[in-house]
Each structure stands twice: as C-alpha cells, then as structure tokens.
Amino acid sequence: MDFSASLVLIAPEIVLSLAGLVLLLAAAWMGDRASRAISVAACVALGAAFFLVIPAVGSGAAGAGTVAFDGQFRADAFAGFAKLIIYLASMAALILAPSFLERTGSMRAEYPVLVLFSALGMSIMASASDLLTLYIGLEMQSLSAYVLAAFLRRDGRSAEAGLKYFVLGALASGILLFGMSLSYGFAGTTSFEGIRASLSGGLSTGAMFGLVFVLAGLAFKISAVPFHMWTPDVYEGAPTPVTAFFASAPKVAAIALTARVALEAFGGVADAWRQIVVFAALASIIVGALGAIGQGNIKRLLAYSSINNVGFILIGLATGTAAGASAMLVYLAIYVPMTIAGFVAILMLRDADGQPLERVADLAGLSRSRPALAWCLMIVMFSLAGIPPMFGFWGKFVVFQAAVQADLLVLAALGVAASVIGAFYYIKIVKVMFFDEPAAGVQQGDDAAHWALLALCTVLISPLGFLATGWLGALTDQAAAALFLVA
C-alpha cells in the first residue's frame with residue numbers, strides 16, 4: 001500500500017494531531033481565558049474524527065485494505081468501533097470539566113489539549129498491529145493521563161493521585177516493554193502477524209515469559225486484578241471529570257488493545273494465555289465486588305465497580321472466539337454510558353458552598369431533595385448491577401452466552417454467582433437514596449450540559465436501550481470478524 005493510501009487510513013489521527021497542535025498554540029497565546037473556546041474546538045475535532053471513522057465501522061472494513069504503513073497500523077472495523085466509543089467518551093469529559101474546574105479556580109486551557117492528545121494515543125492503541133505502534137500509542141495516552149490526574153495543583157489528593165499513577169504507570173510500562181523485548185527476541189519481529197506466524201509451531205519458555213509480561217503490563221492499564229491497586233486512590237484523588245474520563249475512554253482503548261494483542265499476536269497459542277485471562281477475570285469480579293462493599297466514598301466505590309466490570313469483559317476475551325470479542329464490544333458500548341452517567345450524577349452533588357459531596361452518606365434521602373437525580377442514579381446502579389430490565393443486563397448476558405458457547409461453563413457459572421455479590425453494594429446505594437433520612441447539604445443549581453448528558457446516558461441504559469440490540473449486535477459482530485481476518 002502506498003504512502004497516500006496510508007494517510008487516508010489515518011485521517012482521524014491526522015485531524016486529532018493537527019487540532020491538538022493548533023489548540024496548544026492557541027492555549028499558549030490566549031491563555032486560560034480561552035479555555036471554554038478551546039474545549040469547544042476540541043469537541044469539534046473529536047466529532048470530525050468520529051465521522052471519519054463511521055464508514056469503516058458501517059462497512060465492516062477488514063483485510064489488506066485496512067493496513068497502513070507496512071503493517072504498523074490497522075484501520076479495520078474493530079478499531080473503528082472502539083474509536084467511536086473513545087471519541088464520544090472524550091467529548092463527555094470535555095463537556096463535564098469547565099463548570100467543575102471553574103468552581104475550583106483550576107480551569108486551564110491545557111485541559112482540552114491534554115484530553116485531545118490522550119484521545120489520539122488511544123486511537124493509535126486501538127489500531128496498533130505492531131509492538132512499536134502499541135507502545136507509542138500507550139505512552140501518548142499515559143503521559144497525558146498523568147498530568148490530568150494531578151490537574152488540581154492546589155489539592156493534595158489530586159497531586160497524590162497523579163504521583164501514584166505516574167510511578168505505578170512507569171512500572172507497568174517497564175514490565176510491558178520487557179515483555180515486548182522478549183517477544184521480539186524469540187519471534188524475530190514486532191509485527192502481530194509475524195509473532196503469530198513465528199509462534200504457530202509452539203511456545204518456547206522465553207516466548208511464554210514475554211507473553212506473561214505483555215499481559216501483565218496491559219492488565220495494569222485496564223485495572224485488572226492483581227494490577228488494580230492504583231485504581232481506587234487515583235479515582236478518588238483525581239478531579240471528578242478526569243475520573244469519569246479514566247473510567248471510560250482509556251478503559252475502552254486498553255481493552256481493545258489487549259484483545260488485539262491476545263487474539264492477533266498470540267491468537268495461535270490461546271491455550272497458553274487463556275488460563276491467565278480466566279484468573280484475572282474471576283479475581284477482578286470478586287475483588288471488585290468485595291472491595292466495594294465497605295467503601296464510604298462514592299468515587300472509590302465506582303473504582304471497585306470498574307474493576308468488577310473489567311472482570312466480566314475479560315470473560316469474553318477468555319473465550320478466544322469472534323462471539324466473545326463481539327460480546328466485549330457490546331459490554332463496552334453499554335458500560336461507558338453507565339459510567340459517565342454515574343460520574344455526572346456525582347458532579348451534581350454539591351453543598352451550599354458549591355463544594356463536592358462524595359460520601360455515600362451524602363446520598364441519604366436524595367429521592368426527596370433531588371428526585372430526578374435520584375431516579376437517574378437508581379437506573380445507573382441497577383444497570384451496573386445487571387438487573388433486568390435495565391440495559392446493563394444485556395452486556396452481562398451476551399458475555400455469559402459467549403462463554404457458554406465456548407464450553408467455558410464453569411467460568412460462566414462462577415461469573416453469574418459473583419455478579420450477585422456485586423449487586424449488593426449497588427442496591428445499597430438505592431436503599432440509601434430512597435429509604436434513609438435526608439442528609440443536609442445537597443443543593444440545587446446544576447449545569448444544563450450536565451443534565452443533558454445525564455438524561456442522554458440514562459435513556460441509553462434504560463429498558464429503551466434494548467431497542468438497539470439488533471443494530472448493536474450486527475455492528476459488533478462485523479467488528480469482531482475483522483479482528484479474526486488476517487490480511
């Protein structure tokens with residue numbers, strides 16, 4: 001494929017790169033007074049990239065025509081579907097931030113630029129078909145995320161979150177890089193297709209170590225057990241709009257990348273990594289469910305909820321089938337609006353002085369003081385728990401269905417049983433909102449953009465979401481098929 005054809009395939013990334021550079025200059029010249037205008041421009045750039053990706057997803061793009069730069073980059077339907085979710089979640093992070101950061105006096109013109117460059121890194125991650133591309137995208141995303149976590153410079157919790165994320169992220173990157181080096185050494189190539197071909201004859205001890213280290217590094221990025229320890233602290237300390245961003249877009253990118261590495265690069269030795277993924281899935285479900293039970297901070301509770309949900313997604317990966325990959329994408333498409341809606345609701349909890357309320361106890365009697373907010377949050381909690389008829393049930397159903405079809409009956413049964421544990425703390429939140437005595441301090445006066453975003457996400461995860469199951473299933477099946485078609 002010639003150079004011009006490759007440039008066409010990376011058009012969304014070119015748009016994000018140019019927009020990021022231009023807006024960075026605008027931030028330097030115009031300063032913080034232009035932060036809202038720069039945020040709007042960043043949303044426009046993400047919207048443009050979104051529309052550039054739609055044709056690849058709608059047509060089920062796959063095969064040799066999606067490969068750019070001699071196999072470094074793959075703009076297929078699988079990557080495209082992940083990018084659509086990433087761009088939408090990034091736009092949500094830009095919409096949520098201004099009112100929150102302005103109340104704290106921390107709104108900076110750099111915020112939308114960092115989100116934009118992070119989205120660019122995530123876009124590269126989703127399309128990576130070579131270890132070098134993988135690392136470039138991962139580090140671009142991570143470097144922006146470290147700064148975003150510590151964005152509230154006068155807040156000790158935010159500074160601590162940024163430092164913890166940076167130190168542990170650097171360790172995970174080192175582990176990943178070591179695994180990539182071993183994989184290259186024993187396979188003789190950095191290309192996913194080349195690694196797959198090289199390992200088709202069997203997995204040597206050195207290559208096995210490479211596989212384990214690569215999966216360990218990626219497990220940190222998706223906050224899967226036992227590499228989850230950073231998640232509660234970073235989610236609690238980072239600004240709430242940033243936490244909403246971390247829980248959605250980077251999660252999608254990292255899971256898409258993990259699926260591509262496992263199913264493309266190491267797809268020929270699935271039996272070697274399946275037991276690792278099964279352990280991580282079950283451990284994440286159990287640790288996420290049990291860890292959330294005793295949490296008094298809502299953001300920490302949602303952090304453990306995030307770990308719990310990653311476990312369910314990994315069940316789809318453990319199948320190693322196209323149906324499992326499709327189920328992962330369905331789950332992600334439902335999980336992201338659930339997560340964003342949850343954090344939008346948290347942003348709306350403020351006291352008379354405009355200070356954020358983040359304790360579970362602050363939700364007491366919310367159904368009487370803020371009924372609309374309480375009902376929206378109830379739908380979010382029931383959907384996260386996978387309780388019918390909320391749309392979150394469908395995500396768990398398709399994942400368990402894929403596991404059963406792959407003859408992983410024990411894994412599916414354990415997943416169903418563990419999901420009951422997780423339902424406890426979601427229902428506890430609903431109980432506090434609707435049956436406890438009202439807590440003093442929750443005030444009215446929310447941003448219209450927050451209400452619009454909360455209403456949209458709530459409708460998507462409500463029973464009305466089931467109207468989209470046929471359409472969503474067709475798109476995810478096409479996207480998953482592209483992942484299994486080797487050019």
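**Entry 1: Gly267**

I began with Gly267, which sits in the loop between α12 (249-265) and α13 (270-293). For the labels I use DSSP runs numbered from the N terminus, with helices as H or I of at least four residues and strands as E of at least two. Leaving aside residues up to four places away in sequence, I found Gly267 touching Arg196 and Ala262, where contact means heavy atoms within 4.5 Å. I also looked up Leu134, which is 133 residues from Gly267 along the chain; their C-alpha atoms are 17 Å apart.

**Entry 2: what I am looking at**

This is a predicted model, in which local features need pLDDT of at least 70 and side-chain atom pairs count only at pLDDT 80 or more, while totals for chains, interfaces and linings use all residues. Residues are numbered from 1 along each chain as its sequence is written, and side-chain values use heavy atoms, with hydrogens and water left out.

I checked pLDDT, the predictor's confidence in each residue, from 0 to 100. The chain has a mean pLDDT of 88, and 97% of its residues reach 70 or more. A reminder to myself: where pLDDT is low, predicted coordinates should not be read in detail.

**Entry 3: helix α5**

I turned to α5 (residues 110-127), whose 18 residues reach 26 Å from first C-alpha to last, close to the 26 Å expected. The expected span is 1.5 Å times one less than the number of residues. Of its 18 residues, 17 are buried, so I noted α5 as mostly covered (buried is under 20% relative accessible area, exposed over 50%, partly exposed in between, with a 1.4 Å probe and protein chains only).

**Entry 4: α4 and its partners**

How do the axes of α4 and α15 cross? I found helix α4 (residues 77-103) and helix α15 (residues 322-347) with axes that come within 11 Å and cross at roughly 0°. The axes are lines fitted to C-alpha atoms, for helices over the stretch in contact, with angles from 0 to 180 degrees between N-to-C directions. α4 is therefore roughly parallel to α15 (under 35 degrees; over 145 is roughly antiparallel, 65 to 115 roughly perpendicular, the rest oblique). From α4 the contact includes Phe78, Phe81 and Arg103, and from α15 it includes Leu329, Val336 and Leu347. By class I have 14 nonpolar, no polar and one charged. Here Ala, Val, Leu, Ile, Met, Phe, Trp, Tyr, Cys and Pro count as nonpolar, Asp, Glu, Lys and Arg as charged, and the others, Gly among them, as polar.

Next I looked at α4 with helix α21 (residues 469-484): the axes are 7 Å apart, at an angle of about 130°, which means α4 is oblique to α21. Ala77, Phe78 and Phe81 of α4 make this contact, with residues of α21 including Thr476 and Gln478. The classes are eight nonpolar, two polar and no charged.

Most residues other than glycine have a negative phi, and most peptide bonds are trans. I noted a cis bond from Val225 to Pro226, with omega near 10°, and Pro226 lies in the loop between α9 (205-221) and α10 (231-237). Ser223, found in the loop between α9 and α10, has a positive phi near 55°. Buried or exposed? Ser223 is buried, with a relative accessible area of 0%.

The bond from Pro388 to Pro389 is also cis, with omega near 5°; Pro389 is in the loop between α17 (371-385) and α18 (392-405). Finally, Phe69 has a positive phi near 55° and is partly exposed at 27%. I placed Phe69 in the loop between β1 (67-68) and β2 (73-74).
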